[in-house]
Amino acid sequence: QVQLVESGGGLVQAGGSLRLSCAASGRTFRPYAMGWFRQAPGKDRQFVGNIKWSGGSTNYADSVKGRFTISRDYAKNTVYLQMNSLKPQDTAVFYCAAARGPFYPVASEALGSSYDYWGQGTQVTVSS
């Protein structure tokens, strides 16, 4: 059984930065990819970005490109979301997720249904 635990959320002023962490536990944890999603009150869950566990290639939603960076630490089974230049519209609960296998079609990597394991979420609030 894989468990994902996010941390690092909090309150930050617009223009500030936060780094979220997602620690994974479970025997022989080797996902195909790790993703970050967010959900603002009253809105649908939104893809933020992901990283391929092997190789480390990343993909981001247009709304966060150039501001957010995803990285991973093999040894710690942890994935990070570095968020810079935060905006009030980034306020949401952020979730990490793990996908066991490849995405078919590739575009499905932005869909929550393509991921098999989810964390409990961490709140990020950006004040103006």
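A salt bridge is counted here when a side-chain nitrogen of Lys or Arg lies within 4 Å of a carboxyl oxygen of Asp or Glu. The model is predicted, so local features need pLDDT of at least 70 and side-chain atom pairs count only at pLDDT 80 or more, while totals for chains, interfaces and linings use all residues. Residues are numbered from 1 along each chain as its sequence is written, and side-chain values use heavy atoms, with hydrogens and water left out.

**Exercise 1.** Find which residues are linked with Arg38 in a network of salt bridges, and describe the pair formed by arginine 67.

*Solution.* Step one: Arg38, Arg67 and Asp90 are linked in such a network, and the structure holds 5 salt bridges. Step two: between arginine 67 and aspartate 90, the closest N and O atoms are 2.7 Å apart. Step three: this pair links distant parts of the chain, 23 residues apart, with arginine 67 in the loop between strand E6 (58–60) and strand E7 (68–73) and aspartate 90 in the loop between strand E8 (78–83) and E9; strands (E, at least two residues) are DSSP runs numbered from the N terminus. Step four: both arginine 67 and aspartate 90 are buried, where buried means under 20% relative accessible area, exposed over 50%, and partly exposed in between (1.4 Å probe, protein chains only).

**Exercise 2.** Determine whether the partners in the salt bridge of glutamate 109 with lysine 52 are buried or exposed.

*Solution.* Step one: the closest N and O atoms of glutamate 109 and lysine 52 are 3.2 Å apart. Step two: the residues are 57 apart, glutamate 109 lying in the loop between strand E9 (92–99) and strand E10 (117–118), and lysine 52 in strand E5 (residues 46–52). Step three: glutamate 109 counts as buried because its relative accessible area is 9%, and lysine 52 is buried because its value is 15%.

**Exercise 3.** Classify the accessibility of aspartate 62 and of lysine 65, whose side chains meet in a salt bridge.

*Solution.* Step one: the N to O distance of this bridge is 3.2 Å. Step two: aspartate 62 has a relative accessible area of 66% and is therefore exposed, whereas lysine 65, at 49%, is partly exposed.

Terms used: Helix = DSSP H or I, 4+ residues; strand = E, 2+ residues; numbered from the N terminus.
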